[in-house]
Amino acid sequence: MTEKETPQYYLECLRQDLAKAVGRRIDTYTDFNYLYLELKKVLKEAPSVSTLKRLWAYVPTSSERSRTTLNALVRFLGFETWKQYIDHVDHQNQMESGFFGVMNVVTSSLAVGDRLEITWKPDRIAEVEYNGDNYFTVVRSENSKLKEGSRFSALLFTMGLPLVCSDVTVDGENLGTYIAGIKSGLSSIRIIKE
């Protein structure tokens, strides 16, 4: 299975599950080294720090993710194979086949200053500006708890799936994690061109 055959949603789930398993966010050089050392404790052949950085899109890459790498990472989480992990995610989320033909925006594909407009039920709208390092600032908000000026981190925006906003900060206070569209997911994602 190559990267092109690996839906971004499953990769995002894997990243989140690995971060949860080691008890910390993975977004700095030190975090990648820590994750590697934790993997080495359990796995005979752990993926390298550079491979982990590519998986997180911390560094640009055109290389494909190998089945060997994905299998190793899910073994750390207690699964035998990547396929078994995907089946687990599907079952856990009660997803339907064919669901991943929808639009998604991967944060690593954005440039600083890019803006997205996202909507979710019943009538929520937020326009967010990318600040770099996976962080966004809310520049416009309608009927949402994500108020103008709020800052949050997100790796992936996917139609039909909830948006997990971590490290939400409002007026200098860290409020933790906010999930937009927890039941129905995002209704729309629009890249705003200036």
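Helices (H or I, at least four residues) and strands (E, at least two) are DSSP runs, numbered from the N terminus. The model is a predicted one, in which local features need pLDDT of at least 70 and side-chain atom pairs count only at pLDDT 80 or more, while totals for chains, interfaces and linings use all residues. Residues are numbered from 1 along each chain as its sequence is written, and side-chain values use heavy atoms, with hydrogens and water left out.

**Overall composition**

- The protein chain contains 5 helices and 9 strands.
- Read from the N terminus on, its elements follow the order α-α-α-α-α-β-β-β-β-β-β-β-β-β.
- Of the 194 residues of the protein chain, 42% count as buried; buried means under 20% relative accessible area, exposed over 50%, and partly exposed in between (1.4 Å probe, protein chains only).

- Helix α1 (residues 8-22) has 15 residues and spans 21 Å from its first C-alpha to its last, close to the 21 Å expected at 1.5 Å a residue; the expected span is 1.5 Å times one less than the number of residues.
- Because 11 of the 15 residues of α1 are buried, this helix is largely enclosed by the rest of the structure; among them are Y9, L11, L14, L18 and V22.
- G23 follows α1 and has a positive phi, near 75 degrees.
- K44 is located in the loop between α2 (29-42) and α3 (49-55), and K44 counts as exposed because its relative accessibility is 78%.
- Although K44 and A72 are 28 residues apart along the chain, their C-alpha atoms are separated by 9.2 Å.
- A72 is one of the buried residues of α4, which also include L70, L73 and F76.
- Helix α4 (residues 67-76) has 7 of its 10 residues buried, so it is largely enclosed by the rest of the structure.
- Just after α4, G78 adopts a positive phi of about 100 degrees.

**The sheet**

- An open sheet is formed by 7 strands in the order β8-β7-β5-β4-β3-β2-β9, with antiparallel pairing; two strands pair if DSSP finds at least two bridges between them.
- β8 and β9 stand at the edges with a single partner strand each, so one side of each is left without a neighbour in the sheet.
- From one strand to the next, the twist averages 30 degrees; the axes are lines fitted to C-alpha atoms, for helices over the stretch in contact, and angles run from 0 to 180 degrees between N-to-C directions.
- β5 (residues 151-153) and β7 (residues 163-170) pair in the antiparallel sense over 2 bridges, and S153 has S166 in β7 as its bridge partner.
- β7 and β8 run antiparallel and are joined by 6 bridges, with T169 opposite N174 in β8.
- The hairpin of β7 and β8 has 2 residues between the strands, and D171 there takes a positive phi near 50 degrees.
- β2 (residues 115-120) and β9 also run antiparallel, joined by 6 bridges; I118 has I189 in β9 as its bridge partner.

**A nonpolar surface patch**

- V164, I179 and I182 make up a nonpolar patch on the surface, with about 240 Å² of accessible area together.
- Patches are made of residues with over 30% relative accessible area and no salt bridge, with like charges joined within 9 Å and nonpolar side chains (Val, Leu, Ile, Met, Phe, Trp, Tyr) within 5 Å.
- A salt bridge is a side-chain nitrogen of Lys or Arg within 4 Å of a carboxyl oxygen of Asp or Glu.
- Accessible areas come from the Shrake-Rupley method with a 1.4 Å probe, and for residues only the protein chains shown count as cover.
- I182 lies in the loop between β8 (173-180) and β9 (186-192) and counts as exposed because its relative accessibility is 58%.
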